[in-house]
Amino acid sequence: MFDIVCLVSGGGTNLAAIIKAIDKGDIKNIRVKSVISNNADAYALKRAKEAGIENKCILPKSFLNRDDFDKALLDELKRLNPDLIVLAGFLVNISKDIVDAFENRIINIHPSLIPSFCGKGYYGLKVHEAALNRGVKVTGATVHFVDTGIDTGRIIIQKAVNVLPGDDAMTLQRRVMEEAEWIILPKAVEMIANGEVL
C-alpha cells in the first residue's frame, strides 16, 4: 500500500477528490494515512474524520516561533513516514528541513498553469484575480514537486481550463477546481505511486 499524508488549510476539496478517487477505485493501492492542518477550523479535518482517517492540527500560534512549528511538523511527518506528502491547499511555506527530509516526496497543487500566476503572493482567489486582470483566455492547474522555492519545483501534470466571458474570480476558481484540480491531483498521486513519475 502506498501511503500519503495530506496537508490542508481550508475546506479540503482536493483531499475530498483524492478520497473519492480511492473509494471509487479510480486510483488503486493508495491510502490516505493522515491529514494534517495548520488551522483548527479547517473543514478538511472534518472530512478526514468522517472518512475514518487519522487527523491532526498543528497550530503555528501554539509555538513560540516559526522554527518550533516547522520542527513539530517535521517530527510528525517523520513519525508518519509516508511515501508521499500532498499539499492539498496548504497555505504554509514548507521549510527547507522538511523538503530535504522528503526530497522528491512532496507535491503541491497550484491553481494556474505554471509558470503563469505563481510564486510569492499567488494563492487562492488572488491567482484567479490576476488571471482575469491579465485577460488570459486559458488558465488551469498544475501539480508539481515541492522544492525550496515557491511553485518552482518540477512539473508533473497540468490541465487547461477555458476562461469564459463574464467570469469572476469565484466562478473561475470553481471551474478550475472541478475541471482541473480534482482530476489531476489524484492522477498525479497515482502516477507517482505506480512509478510513472520518478
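Q: Which residue in strand 2 does Val8 stand opposite?
A: Val8 stands opposite Ser37. Strands here are DSSP E runs of at least two residues, and helices are H or I runs of at least four, numbered from the N terminus. The model is predicted: local features need pLDDT of at least 70, side-chain atom pairs count only at pLDDT 80 or more, and totals for chains, interfaces and linings use all residues. Residues are numbered from 1 along each chain as its sequence is written, and side-chain values use heavy atoms, without hydrogens and water.

Q: What makes strand 1 and strand 2 a pair?
A: Pairing takes at least two DSSP bridges between two strands. Seven bridges join strand 1 to strand 2, and the two run parallel.

Q: What joins strand 2 to strand 3?
A: Four bridges do, again with parallel strands. Glu54 in strand 3 is the bridge partner of Ser34.

Q: Why is Gly12 called buried?
A: Buried means under 20% relative accessible area, exposed means over 50%, and partly exposed lies in between (1.4 Å probe, protein chains only). Gly12 has 8% relative accessibility, so Gly12 counts as buried. Gly12 sits in the loop between strand 1 (2–8) and helix 1 (13–23).

Q: What makes strand 2 mostly covered?
A: Six of its eight residues are buried.
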